[in-house]
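User: I am new to this structure and would like to learn how to read it. Could you take me through some features, step by step?

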Amino acid sequence: MSNYEVNGRLYSAEPKPGQCLRTFLRDLEVFGVKKGCDAGDCGACTVWLDGKPFHSCLVPAFRGEGRKITTIEGLAKNGELHPIQKAFHDAQAFQCGYCAAGMMMTIASAAFDEAHKADLPHALKGNICRCTGYRSIVDALNGRSNIEEDVAGKACGASVPNPFTDAILTGKARYTMDIAIEGLLHLKVLRSPHAHARIKSIDKTKALAVPGVVAVYTWEDVPRRLYSTALHEDHLVDPDDTYMLDNVARFVGQRLAAVVAENEAAAEAGVRALVVDYEILPAVFDPVAAMEPGAPLLHNKSEVVTQNRNIFCTLQGEIGDVAQGFKEADAVHEMTYSTSRVQHVHLETHGSIAYKGEDGRWHVRTSSQGPFPSRAKLAHLMGVPAREIHVFTERVGGGFGGKQEMVSEDLPLFATMKLDGRPVKWEWAREEEFIGATTRHQMTTKVKIGAKKDGTLIALDVHVVSNTGAYGNHASETLAAAMGSPIAAYRCANKKGVGHVVYTNMIPAGGFRGYGASQTMYAMECAIDELARLLNIDPVEMRRKNVVRPGDNVESIWKEPGDASFGSHGIDECLDIVESELKKGNGVAKPDGEEWAEGTGVALAMLECGPPTEHRSGADMRLLADGTYHLACGSSEMGQGIATAHKQIAASIVGVRALDVDIINADTDRTPYDTGTFASTGTVVAGKAVHITAQAMRDDILDFACRHTGADRDQCRLDNDAVVCGNKRILLTELHAAGAKVNHRFAVSRRAYLSPRTIAFNVQGVRLAVHRVTGEVRILHSVHAADIGRPINPMQCHGQIDGAVAMGFGWALIENMVHDQGHMVNPQLRNCRVPAFADTPHTDVFFASTIDSIGPLGAKSQGECAINAVAPAVANALANATGVRFPHLPFTPDRLFSKLGTGK
Ligand code: FES
Ligand code: FES
């Protein structure tokens, strides 16, 4: 045995051959060391060796012998946070927190000196954060505090800190994989190397002979039941077109077989030892080609009934008379825009651990945005009642829509059921995320738009083709979103649209922040700008003139009235803010040199808050014997801060501090039902459930107090830790004890449903410089105004917008999944980049002063919509700078260069 000193403690252990320091430390149950990539690209695994920071995934474990190894768990001393931990606490420099350990280990090291601090783009190049947009991390480095005091009765609207802050900053927060389980088995999958192939046979013999391999499962072993991986309340909105394991591969990366072994290395060796005989089938990757007669068909018509020449779904409609509208138009713009396929890159990859509990039931610990619909799908697949399955989350390391899928839970559950309940873990690698998870839908949007001389829109025709890839999870709902808010955002008497979602042999697309609306909002906002240019009207004025207003029908291309209406309307304020901020010329100056062209651009986004299909959430609340409260809510906390917001809502109603409300989330045994945390529902549905539950709790306490004291009900009020009834003040602890004597439990539950839906707006402004020779783009100033109603927690809302805007810049300028015949050629973070510190401009964030009449406590969608305005604002600024319209995302230098070079 060798000796290793980790955080001052000696361990006698022997690394496995070839083992890296990261996995070795985790084998020692030092779980603060995270995995984001295992390739040296993300920094989540950063630890110190003799005080110097290293990416532990790149260091052979044996190199740690005889050296002092320090991880996040060793940073605080004598119970006192390290100054950097304290700075991260005060600035709240994290959201999901998955990157925070690595980020702090880099910043807190002695090597990170003043010179590093002065050059953060360089100094932080090895640490990626997907959530924050890095602004709050800069705040931490500058010693800025972003938190406010948690005052009894005033929690809502205050920037109270995340309740999990200390656990996250000290490495004690437990994410899905942060657990040691006796007898744990490891699952790995074989993924298809072919875009379209029939599996003639899979020979397991050699795999089963690998020492440590205990089982191999193929399509012949698993239940043959169709389902969709998408998590929705209404399972009918997604086609049941997927099998757990299939005998037809429809995209490169589709899982074909699962190997379960005593350790990961054996599972991987077992996968490599499988021998598959494939019959290669013709494949189609382009959705337009896939719609042509004679194109290879993805699915068997007898199984997937809605299919027609690979078209899963078509949506169309018309209001008014579009042809007549174009005849009356004084200016018409027509262009085809397209958006790229990008990945969520939540820093915590997908993963689940399944096991049989002492209660004889099946338990699935998973990183999910929807444990309840996951349980329903698992019950369907395994053919057992849902009550026999318990699905729960620990801390979730980011989601962004990528975990609104049931993709990692089924195989471990199936394996544990087959293997006498032995615990089975499946943790995805980063490359698997790129080739086997879901992506944003690639969409092509043709817009024809006409207006009168004064800018009044008079005709709009939108044609969308959405590439759903091999499976139809989220296909129709994202198309509905694409054909909804972006078209409804503008008044226009004559509107028409048709959209197709098409199966191809590409990786399946799925839900992603913005959910389909991002793609067509991009096209619409570019087209509005082009029309304004044709009419010589200021682009902001063009939007002011045409944007939908209270009293208007909020209608897209369908005559039937929807359930969206204005609980508040802050778009004018947002446009004013962005216009005036851009005029100030803040930010940085254009680089010297006549090759640099400068331009400004704006874009707006509108969001109907919540999905159009049914969505429901519940909350349970109890008064505890110590006078504090316990809240249970089924929505997932994945870094967006919903647990903080729910505590704040409840605390405000019962008049205590947020700190006095304990919360648990997302657990099918311990929390009430929740459809899932997506489409802004964490605030507008689950938040509403918490609101009315807390009101019921308040009423229950006051009713009991009035009976207990004999005081009139209207003389009783809650006052922090007590009830005041007339001139008597009774502590909640006393009241709870009095209740216990008469069997009164002070426990309430309420349910909330989504409808009607309110409407949120965002406006993004960009000033940028583009180099005419190289195509390099530099963001000189970014300003964002959000109409989100009352911010429940302004600090968190600001952080959500920072993160969404950073993701928007990534989509516009950097991120690009490159495929060749269905093969992703860059499935690594270093080659398929997401914004690092150096790529992320500072954004000035403002809120409109709206208080919504529909959302809970005046709030509406707080974090989702911001992304939708960013890419079109960049596109409009590029057009303003160069006079050239770039219709296709992303705006990478090579693409700009080719057009700037020719001037076409
Ligand atoms: S896990 Fe080591 S750098 Fe990403
Ligand atoms: S907080 Fe940085 S990745 Fe989530």
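Analyst: What follows is a short tour of a few local features. Keep in mind that this is a predicted model.

User: Let's start with a helix. What span should helix α24 have, given its 21 residues?

Analyst: Count 1.5 Å a residue. For α24, residues 794–814, that should give 30 Å. The end C-alpha atoms are 29 Å apart, so the two values agree.

User: Which peptide bond is cis here?

Analyst: Take the one from Leu889 to Pro890. It is cis, with omega near -5°. Pro890 lies in the loop between α25 (870–882) and α26 (893–902).

User: And where does Phe400, with its positive phi, lie?

Analyst: Phe400 has phi near 55° and is not a glycine. Its place is the loop between β16 (389–392) and α13 (410–418). Its relative accessibility is 13%, so Phe400 counts as buried.

Leu857 also has a positive phi, near 50°. Leu857 sits in the loop between β33 (843–847) and α25. Its relative accessibility is 21%, so Leu857 counts as partly exposed.

User: How do I read aromatic rings?

Analyst: A pair of aromatic rings is described by the distance of the centres and the angle of the planes.

User: How many aromatic pairs does the whole structure have?

Analyst: A search finds 11. One of them joins Tyr337 and Tyr522. The centres are 6.1 Å apart and the planes make 85°, an edge-to-face pair.

User: Which rings have a charged end sitting over them?

Analyst: Here are two cases. The charged end of Arg191 sits over the ring of Trp428, 4.8 Å from the ring centre. The charged end of Arg616 sits over the ring of Tyr673, at 4.2 Å from the centre.

User: Back to helices. What caps the N-terminal end of α18?

Analyst: Asp538 does. One of its side-chain oxygens lies 2.9 Å from the backbone nitrogen of Val540.

User: Which residues of α18 are buried, and what do they pack against?

Analyst: Helix α18 covers residues 539–546, and Val540, Met542, Arg543, Arg544 and Asn546 are buried. These buried residues pack against several elements, among them β18 (442–451), β19 (457–469), α17 and α25.

User: One last residue. Where is Arg440, and what does its side chain join?

Analyst: Arg440 is in the loop between α14 (430–436) and β18. Its relative accessible area is 2%, so Arg440 is buried. A polar contact of 3.1 Å joins its side chain to that of Ser518. Leaving aside neighbours within four places in sequence, Arg440 touches other residues too, including Arg341, Phe512, Tyr515, Trp811 and Ile867.

Methods:
Residues are numbered from 1 along each chain as its sequence is written. Chains are lettered from A and ligands numbered from 1 in the order in which they are written. This is a predicted model: local features need pLDDT of at least 70, side-chain atom pairs count only at pLDDT 80 or more; totals for chains, interfaces and linings use all residues. Side-chain values use heavy atoms; hydrogens and water are left out. Helices (H or I, at least four residues) and strands (E, at least two) are DSSP runs, numbered from the N terminus. The expected span of a helix is 1.5 Å times one less than its number of residues. Buried means under 20% relative accessible area, exposed over 50%, partly exposed in between (1.4 Å probe, protein chains only). Rings of Phe, Tyr and Trp (its six-membered ring) pair if their centres lie within 6.5 Å; planes under 30 degrees apart count as stacked, over 60 as edge-to-face and the rest as tilted. A charge sits over a ring if NZ of Lys or CZ of Arg is within 6 Å of the ring centre and within 35 degrees of the ring normal. Contact means heavy atoms within 4.5 Å. A polar contact is a pair of N or O atoms within 3.5 Å; within protein, one must be able to donate a hydrogen and the other to accept it, and residues adjacent in sequence count only if both atoms are side-chain atoms.
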